[in-house]
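Open the model in your viewer and keep the sequence panel at hand. We will go from one selection to the next and see what is there.

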Amino acid sequence: MSSISSSTPVVRESNFLFRCIACGHVSDAAAQDFRCADCGDLLEIIYPYWKDAKPDAVEAKFTWQDRKVSTSPIDLSGVWRFRELLPMLDSKSQAVTLCEGNTPIYELPRCARITGVPRLFAKHQGMNPTGSFKDTGMTVAATFARRAGFRWVACASTGNTSASMAAYAARGGMRSLVLVPEGKISWSKLSQALDYGAVTCQLRTDFDGCLKLLQELVRKAPVYQLNSINPFRLEGQKTLAIELLEQLEWQPPDHIIVPGGNLGNSSAIGKALLELRDLGLISRLPKLSVIQAEGANALVRTLREAKGKQLINVAAETRATAIRIGNPASWKKAVHVLEATGGACEQVSEVEIAQAKAEIGAEGIGCEPASAVTLAGLKKLVTQGFVKPDETVVLVLTGNLLKDPDFTIEFHRGEMFAGDAPTAKALDPLRHPPIVLDATLDAVMRTLDKAEKS
């Protein structure tokens with residue numbers, strides 16, 4: 001690989017250290033596979049200086065609010081605006097940013113009536129530059145890749161990571177390599193990576209096979225890995241929780257519910273909540289719950305069958321491609337977060353996902369299928385009594401509707417579940433298929449009248 005680079009860059013610390021999540025080994029540098037040199041487990045980033053000089057909670061809140069009116073590129077980022085809680089840069093100009101973050105929080109009155117939870121909100125990360133939550137982590141990881149001198153970055157992906165990585169690599173003047181499972185991701189997502197200039201390889205394997213090959217690659221070549229095992233990714237993604245709490249005027253909700261795929265996002269949000277509490281920015285922890293698809297339920301089975309002590313791999317299969325992962329890398333971090341916050345882990349069916357997606361869409365808020373597991377899971381948590389009607393709930397919508405338009409089109413045209421007559425009939429009230437008419441005023445008026453009566 002000498003044609004790519006003559007040396008292997010090393011990530012060095014500034015205001016942070018790397019700590020193994022298993023054995024606790026602390027180091028000021030990370031290997032290219034982001035694995036512990038002693039035991040081989042994942043690393044996390046810690047800030048030891050907080051013990052002696054932690055950020056002042058009141059001052060930090062005012063500072064972050066003031067930056068909202070700044071025109072500085074770093075302050076226009078909803079991630080770097082909270083830089084006191086992130087790995088430190090040598091200068092503001094180092095940040096590779098596309099003005100990510102700053103995503104809206106919506107009330108969901110229709111879904112509130114459906115679930116019986118009046119105070120129901122959605123934090124829509126699909127409003128990020130490339131259409132998913134990945135951007136909040138990618139800005140930090142790409143920044144430190146470039147800061148460390150890497151020319152190439154790479155990821156294994158089910159779609160969203162590849163789109164985000166390729167965009168931030170291009171923005172930062174780096175080359176990108178994408179490994180995706182052939183035929184198992186949305187072309188809408190893959191088209192983004194192509195447009196942003198990534199070298200894209202469709203491998204005859206699943207996501208877990210792509211990730212395994214990537215791990216081998218980064219140990220032999222000066223290529224910087226940008227999957228969620230990269231702890232810089234999680235540092236960026238944790239700003240979702242900081243921004244959410246700011247939007248709620250620092251009054252924590254009772255529950256935050258997230259989709260579960262590779263489990264980096266739930267780990268990041270949980271890390272943020274624990275840090276915010278320890279720094280005195282919030283007085284109590286929300287319960288963070290993770291929802292998975294039944295066909296990709298590795299964490300659910302790990303908790304139920306192995307009590308969270310060892311990962312139970314599954315052969316993942318679900319139409320919610322963003323969470324079609326059977327061997328989630330961040331499972332230990334997710335287990336820790338669930339235990340620390342008292343959250344739950346549940347699974348939902350393909351029918352429940354499709355129904356929930358249509359119900360969110362009826363709010364005028366589109367999302368990709370993986371995001372809809374949060375609403376489907378909330379229904380179950382309410383039925384189980386885990387979520388009470390008088391509590392405040394925030395659903396994290398991780399991806400934009402346009403990430404997987406084929407799913408939406410097949411649902412509304414009645415092609416999805418067509419072989420299951422009872423299910424198809426039950427879903428009919430939620431479908432809104434296009435109607436082919438003669439080009440006459442009378443035909444349109446009759447259709448309008450029929451719709452008015454339905």
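Helices (H or I, at least four residues) and strands (E, at least two) are DSSP runs, numbered from the N terminus. This is a predicted model, in which local features need pLDDT of at least 70 and side-chain atom pairs count only at pLDDT 80 or more, while totals for chains, interfaces and linings use all residues. Residues are numbered from 1 along each chain as its sequence is written, and side-chain values use heavy atoms, with hydrogens and water left out.

**Stop one: helix 7**

Select residues 207-220, which make up helix 7, and pick out Asp 208 within that helix. Is Asp 208 buried or exposed? Asp 208 has a relative accessible area of 16% and is therefore buried (buried means under 20% relative accessible area, exposed over 50%, partly exposed in between, with a 1.4 Å probe and protein chains only). Now show its surroundings: setting aside residues up to four places away in sequence, Asp 208 touches Ile 325, Gly 326 and Asn 327 (contact means heavy atoms within 4.5 Å). For a distance, click the C-alpha atoms of Asp 208 and Lys 220: they are 12 residues apart along the chain and separated by 19 Å.

Next, colour the four strands that form an open sheet with parallel pairing, in the order 10-9-8-11. Two strands pair if DSSP finds at least two bridges between them. At the edges sit strand 10 (199-203) and strand 11 (223-225), each pairing on one side only. From one strand to the next, the twist averages 25 degrees (axes are lines fitted to C-alpha atoms, for helices over the stretch in contact, and angles run from 0 to 180 degrees between N-to-C directions). Then zoom in on strand 8 (residues 152-156), joined to the parallel strand 11 by three bridges. Trp 152 has Val 223 in strand 11 as its bridge partner.

**Stop three: helix 11**

Move to residues 298-306, helix 11, where Ala 298, Leu 299, Val 300, Thr 302 and Ala 306 are buried. Their cover includes strand 13 (287-293), helix 12 (331-341) and strand 14 (345-348). Step just past helix 11 to Lys 307, which takes a positive phi of about 55 degrees.

**Last stop: helix 16**

Finally, select residues 421-427, helix 16, and find Thr 423 there. Thr 423 counts as buried because its relative accessibility is 15%. Beyond its neighbours within four places in sequence, Thr 423 is in contact with Val 351 and Phe 417.
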